[in-house]
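Thanks for coming. I will take one structure today, and I will keep to what can be read from the coordinates.

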Amino acid sequence: MKILEIELENVKCYKNEKFNFENGINFINGLNGAGKTSIIESIGFCLFDYKIGKTGFTSYYIRRGEKKARVRVIFEDNENEKYIVERKISTTSNNSWIVKDIENEEEIVSGEEDVRNWIKQHIGLYKDDNLSDIYENIISVPQGMFTSAFLDSEKNRKAKFDPIFNLEIYRKVFLNTASLESGMKNKKMEIEKELEVSKTKIEMLKNEKQEYEKINKEMENNKKIENELTEKYEKINEIYQKELKIKESIKKHEDLQREKELKKLNIEEKIKLYEKQKERIELAKKALNDNKLGYQEYIKSQKIQKELQIKQKEYEKVKDDIRRIEKDIVSKSTFIAMKNENIEHSKKETEKLIIEIEKNLEDYNKNKSRIEKDLIKIEEKENDLRTFEEAQKNIIDLKNKINENILLIKTKKELLIEKSKLIDQEESLIKSKSELLQLLERKNEIENKIKILGENKVKIISTIEQLKESKKIAKTGICPYLKTECINVKGKTQEEYESEIIKLEYDLETLENEINKVDKKQKEILKAETMLQSAKEKLEENKNVKKQIQIITENISKLEEDNEEFNSNILDYLKRNQIKSIEELQEKMKILSTSFTELNKNYNIDKTRLENQKNNIENQKNKKTDFENNIQELNKTIKEALKEKSILENDKKEYINATKKYIGIENMIEENNINIEKNQEAYNMYIQNKNEVEKEAEITLNINNEKIKMKQLREEILDNENEIKKLEEVYNKKDMEENEQNLAKIKQDITKIQTIIETQKQRIDELIDKVKKLEQLLQNMEKQEKYYNKYELAIENISKIRQIIKQAPDDISEILIQKVSRKATQIYAKIANDNTRLEWREKYEVILIDNIGDTKIEKEFRQLSGGEQMSAALAIRIAMLEILTNVKIGILDEPTVNMDIERRQRLAEIIEDIGGFFTQLFIVSHDDTFNSVTENLIQLRTKET
Amino acid sequence: MVKFVHCADIHLGANPFEIEERFEDMGKAFSQVCKFAIKEKVDFVLIAGDFFHNKTVNPRTLEQALEELEKLKKANIPVFLTEGNHDMSSYTHVYSWLQFLSSRKDIILLKTVKNDKLLNFWNGKEGAIYEHNKAYIIGLGYPGSTASKYIQKITDELKQLIKDNKFINKPIICMLHSGINRFVTESMGGLKEEEIEGLTNIINYLALGHIHVRYENVDKKYFNPGSVECVRITDNPFNKGFYFVKLEENKLETEFKLVKNRNSLSLSIDIPNEEINIYDYILEIIKKEYEEKCEKNQKIMLQIKINGIAKSGTMEINIQELKKIIKNEIPVLYQDIMNLIIYVDEQEIKISEDVSREEIDKIVVKEKIEKAGYKKDEIDDIYNIITLLKECAENGNITIDDNNGKDIENMLLNISRGG
């Protein structure tokens, strides 16, 4: 299995926290109280039903001040399927434990018992394993119990490890099968009783079997007699049957003879009838010959009649065609006349248009020459106007420049006045500068003085302090210099100290006054220094100011010169345009502009009119061309129509020629009709007799056939008569009657013996059931006896099995301990890396064997050092996990407790090697030995409160 | 073109067996990396985590580090470093030794900030993204147990920054202290290849650290040089080194440079099934391996695991004695010898080591059935009855009247003969 994620809500110190785990080693590291163990306990609670302390768990587990806690684990089972297990716990016993589907979070199983079983099945535990026992004793042994289990008494060790070894089941099986064994023994006794009852029943049935056998013998004899009689009967019957057959055959032949005589009479009748028909045919032959000519004439006339009718129809059609062509010729003539009229009309319209166009063209040319003259005038005016505008713009530009310069001159003059003021102050600055220099000359002197005064002051203060201290010491009677008791220092000496202190304090005051004075002076000097600096700077600056004044003055005069030049330029312009003033210029421009606008407006109107005229002429010209085209088109159409008309007239002539061959056709039809009527009767007679004559051959054939049949029949009658004579010679009536009587007698004897056999059979049927029953009883008893023997063996087997079950756990535990021990020995060898070997022996006893040179010393667990105990326990625990479960996860809580640094580092170094079996190994520790070797590091910080 | 050295897992200060020489070996290996960088005048050096072996650094280790870093500083070669699981700031020390070096400007420590925005540009003191005049270098540190979510967030942020035109015309190089696809072989946490694809698609080089064995995927643009010196005795010492990388536009050229280091042998010796002089036997094997693999001018590290099964009282090994014998023949600096031989008494029931818990039950019970006098063809039948009994007895008494009892009665009767 594999734990992927755990989420804790209101669990111990966690409000809500989620941790992810990886394959391999997951190291949970943090100081004490950071919540390491809470994570482990939550895995135990949620997946293994492990509750530390059993009682009071709820209040221990739920975060202080909260009412309910929740832990949710996502894990992967041994089939690599992922599931969610969620467990809730509350102070109001509102608890739940659910396994959910990872995809849709739907419940898979709930309820404590079911969830426990589900988890066991999915993480590779045995059905009878106790989930929390496995957790507490193998997967995650609590810190306190890690080594203590091995220190326990033998009995306690057994109680602890036996359940882990999963051997309880054998004891259970032994106990729970006792009643099965006793039950089977009771059943054996019951089977014995049943056997006795069966034996009595069999004795009774044996007598009935004897009677059955006797009757059976008698019946067999009777059956033999019956067979002999039957045989005799069959022999006589065979002869009798032959005689019966001959008698019947004679009767049959006599019947046949009568039948044939009747047939003979019938044929003679038929031949007479056919001969009468033959006479009638001879008469019809004669009539046919008489009417033959008339019949042939009639057929010929009918044929001619059909040909004539076809020709008459063709003639009617030609006449129709001629009428149609005549109609087409008339319509073509009308069409041509109409088109000729159209041409006349178009020609008249064209002539009218030519006259109008000529007149319009003349008018247009006149107008055009007038407008061109107007345009020249307008252009002249425009030129004048542009010249004036240019002059006006130049003058305005110059005036603006002059005004700008005047403003500039004004500001420059103001600046000049300001700068001149600065120069005026210069004299007083030079004077104060020399005064300040005088003051500065005394600077060093005053500084020295301050230094000396300061030093004096310090001296006086320290003397005063010293005196005060001495005074204090002296007051206690100890000499302040020798630090020993002295009577001299009391009383008078105190006053001396006092007066000296007062004197010095006065000196100090005087000194401080003087220091103040000198300080003031020093401050003045410092101020003077800065003033002097600023005075110097100002003088320096004035040099610049003077230069600036000169530049400004130069600027002003240049600007004034520019202005004069501009003014003269303006006058020049006016003169050049022969104008006295700007106002006059503007007045002239106004007049010019008005007349220009007027002219322009008229010009535009005329121009539009002229263009209209031109367009008009163009239109008329187009119209004229249209008419001319139209006439041409019409001429073409007329020409084509004339051509078509002449073709039609030719056609008409040809059709009229064609009618000539049909003249006289009506007369021919009339004559032919008279001929048909004349031969009608002969035709009818001929047809009537022709049918009669055709029957002649058929009748002749019929007569011949009947004659042949007659001959055959006469022969048959003769044959039959001979046959009857032959049979009457063989037949003897007396013999036959005798045989009939014998047969009746034998039949009676047979019926008698059959009745006897039937009675015997009924009795046998009655007895046979009883015989069968007896046989079954015998068979059953044999089976029962076999079963009884088997059952005795089964009881023996169950006793043996129970003995095996009783003894197996000791052997198994021996092997398991051995296996765990071997693994643990290897793990210990890796951790310890010294000359010692670990062994876990029978009865769960831990022994450490120390190799010292050639001798070996065996040490018990309690004799080991703390580090050795921890290493040994760790080795056995890991070995147990590997060998006793398929869970493949392990949790080590503080595994380095009691280990020295070397052992700790050694463990960190090899943990990956010895943990290789596990999918996940969780190591919980407050020391960071494992930091460097683990891949998934979960560091917990103590929550600040 | 940008030209740089990429190394990782320097583990300065590692000293698992308290051997002074080994401690110095770590410094010597790093010194070879620096020497190369200076000779080749590289633009910078990348250290992808675990520069120090421990979070707390002793004076000599610091001295080792500074000695080499100062040489690089003098040669104007900046060192970019990201934290590994060994040297990241722990819960007890908020201010780490790497931060100390970074504040002295001996290195530039690039790390993400664990709040809303993980990636910030270097502000002169801290940040995850550094704009060098030839490349952008990003330090992602050790992602720990939430690696996959962390990388997803980094990738999203980086994409946004690229979209906002924060990276212009220079290659992007990331440092990450995590294994890629190393679940099976090293049984370690870390990331799957497909989880970093989003990241490697938008950068030019992913400089990895953490796994001590070299591996790389040129197509996916990730490279892990492994440690420069064996940290554990079991590490393979013959393929240790670092990458020398040249990167121009999209053209990537890498060369793995070997570092000369301390030789070590880690041997697993199986003893034979017959009685022999075990000391001679082991010594011969070690000598052969030593001759084949090791340089002769240095003392080696030696680890031996002795495996096998032997009769009690034979093939016993005194480890102290064995160590003495080896030392006389081969120059060894340190020996780690584990005696994993299983000594067996002759009377012991011989059951092989890999037999499962259920199998043991089966073997023992079947043997007892045979001893009770049953014939070979009956043993399985009796065993099946016992198996059924174990299943049924869980629920309490079995009587002849209940279904289980009837089943068992039937099975007993079906065994034709008794033992």
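This is a predicted model: local features need pLDDT of at least 70, side-chain atom pairs count only at pLDDT 80 or more; totals for chains, interfaces and linings use all residues.

Residues are numbered from 1 along each chain as its sequence is written, chains are lettered from A and ligands numbered from 1 in the order in which they are written, and side-chain values use heavy atoms, with hydrogens and water left out.

With that, chain B. S96(B) sits in the loop between β3 (79-81) and α3 (97-103) of chain B. Is S96(B) buried or exposed? S96(B) is buried, at a relative accessible area of 6%; buried means under 20% relative accessible area, exposed over 50%, and partly exposed in between, with a 1.4 Å probe and protein chains only. Leaving aside residues up to four places away in sequence, S96(B) touches E83(B), D87(B) and S89(B), where contact means heavy atoms within 4.5 Å.

As a whole, chain B has 11 helices and 15 strands. Of its 419 residues, 55% count as buried. Among contacts in chain B with a separation of 6 or more, 69% are between residues 24 or more positions apart.

Next, the interface. In chain A, 72 residues are in contact with 76 residues of chain B. The size of an interface is often given as the accessible area lost when the parts come together. Here the buried area (the accessible area, 1.4 Å probe, that two parts lose on being put together, summed over both) is about 6,700 Å², and carbon and sulfur atoms give 53% of it.

How many salt bridges are there between chain A and chain B? The count is four, a salt bridge being a side-chain nitrogen of Lys or Arg within 4 Å of a carboxyl oxygen of Asp or Glu. One of them joins the side chains of K856(A) and E316(B), at 2.6 Å from N to O.

Several elements of chain A give two or more residues to the side that touches chain B, including α8 (178-440) and α14 (733-832). The largest share of that side, 24 residues, is from α14(A).

Now the interior. A nonpolar core is a set of buried Ala, Val, Leu, Ile, Met, Phe, Trp, Tyr and Cys residues joined through side-chain atoms within 4.5 Å. The largest has 134 residues, and F21(A), F48(A) and W840(A) have the most contacts inside it. Again α14(A) gives the most to this core, with 19 residues. A second, separate core of 35 residues includes L12(B) and V57(B).

Helix α4 of chain A, residues 131-139, is mostly covered, with eight of its nine residues buried. Among the elements covering those buried residues are α1 (36-48) and α15 of chain A.

Y844(A) has phi near 60° and lies in the loop between β8 (836-841) and β9 (845-852) of chain A. K888(A) has phi of about 60° and is in the loop between α15 and β11 (889-893) of chain A. Y844(A) is buried, at 3% relative accessible area, whereas K888(A) is partly exposed, at 34%.

Note on methods: Helices (H or I, at least four residues) and strands (E, at least two) are DSSP runs, numbered from the N terminus.
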